[in-house]
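Please keep the sequence and the model in view while reading.

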Amino acid sequence: MSEGTEAIREHVEQLEERVTELEKRLDGTDNPAAGADLRGFVESRDPSSHTERSLYIAYYLEMNRGRDEFTVEDIEEAYRECRVQPAGNMSDVLGRMEEREWLLRAGKEGQTQVWRLTATALNTVEEGSENGSE
């Protein structure tokens, strides 16, 4: 094999390894620090309520794990991943998020409500505003 061909082959192998690693990170299957990353992200936003904490969790799930729809159980599991006790009634928390126009109902999985973040919610997190009205 010529030097040029060998260099291309090595480069392709490196790229394949990088793509495989990125795919594992995106689907959450090979990221042992995922909980620490989620916790760090949420705590860096300094949430003052379960409503805000749930917003940041949902945002993280969508942007970093490709989960654009979620359930109450998904948010509760993320709370545990953050090592924080979930609210006593997470359905009420998500209801308050819906009232603030941070969530849309995206259908049901059996009897379980499925939610999706709104553009207002995304803007609220990305712009750092508190109520989405800025």
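Which residues in α3 meet which residues in α4? His50, Arg53, Ser54, Ile57, Ala58, Leu61 and Arg65 in α3 meet Ile75, Ala78, Tyr79 and Glu81 in α4, where contact means heavy atoms within 4.5 Å. By class, this contact of α3 with α4 has six nonpolar, two polar and three charged residues. Ala, Val, Leu, Ile, Met, Phe, Trp, Tyr, Cys and Pro count as nonpolar, Asp, Glu, Lys and Arg as charged, and the others, Gly among them, as polar.

The model is predicted, so local features need pLDDT of at least 70 and side-chain atom pairs count only at pLDDT 80 or more, while totals for chains, interfaces and linings use all residues. Residues are numbered from 1 along each chain as its sequence is written, and side-chain values use heavy atoms, with hydrogens and water left out.

**Overall arrangement**

The protein has six helices and two strands. Read from the N terminus, its elements follow the order α-α-α-α-α-β-β-α. Helices (H or I, at least four residues) and strands (E, at least two) are DSSP runs, numbered from the N terminus. Of the 134 residues, 33% count as buried; buried means under 20% relative accessible area, exposed over 50%, and partly exposed in between (1.4 Å probe, protein chains only). Among contacts with a separation of 6 or more, 49% are between residues 24 or more positions apart.

**Helix packing**

Two packed helices are described by the angle between their axes and the distance between the axes. Axes are lines fitted to C-alpha atoms, for helices over the stretch in contact, and angles run from 0 to 180 degrees between N-to-C directions.

| Helix pair | Angle between axes | Distance between axes |
|---|---|---|
| α3 and α5 (residues 90–99) | about 80 degrees | 9 Å |
| α3 and α4 (residues 72–81) | about 95 degrees | 10 Å |
| α4 and α5 | roughly 105 degrees | within 10 Å |

Angles under 35 degrees count as roughly parallel, over 145 as roughly antiparallel, 65 to 115 as roughly perpendicular and the rest as oblique. At about 95 degrees, α3 is therefore roughly perpendicular to α4. The helices α4 and α5 are likewise roughly perpendicular to each other. Their contact brings Val72, Ile75, Glu76 and Tyr79 of α4 to Met90, Ser91 and Leu94 of α5, and its residues comprise five nonpolar, one polar and one charged.

The pair α3 and α5 is also roughly perpendicular. Here His50, Thr51, Ser54 and Leu55 of α3 make the contact with Met90, Val93, Arg96 and Met97 of α5. These residues divide into four nonpolar, three polar and one charged.

**The nonpolar core**

A nonpolar core is a set of buried Ala, Val, Leu, Ile, Met, Phe, Trp, Tyr and Cys residues joined through side-chain atoms within 4.5 Å. The largest one has 28 residues, of which Leu55, Ile57, Ile75 and Leu117 touch the most other members. At least two residues of this core come from each of α2, α3, α4, α5, β2 and α6 (119–127). The most come from α3, with seven residues. Leaving aside residues up to four places away in sequence, Leu117 touches Leu55, Ala58, Tyr59, Glu62, Asp68, Phe70, Trp102, Leu103 and Leu122.

**The hairpin**

Strand β1 (residues 103–109) and strand β2 (residues 112–117) run antiparallel and are joined by five bridges; two strands pair if DSSP finds at least two bridges between them. Glu109 has Thr112 in β2 as its bridge partner. The two strands form a hairpin with two residues between them, and Gly110 in the turn has a positive phi of about 70 degrees.

**Individual residues**

Most residues other than glycine have a negative phi, and most peptide bonds are trans. Asp46 has a positive phi near 55 degrees and lies in the loop between α2 (34–44) and α3. Asp46 is exposed, with a relative accessible area of 61%. Glu101, in the loop between α5 and β1, has a positive phi near 65 degrees. Glu101 is exposed, with a relative accessible area of 53%.

Asn64 belongs to helix α3 (residues 50–65) and is partly exposed, with a relative accessible area of 35%. Asn64 and Leu38 are 26 residues apart in sequence, and their C-alpha atoms are 8.9 Å apart in space.
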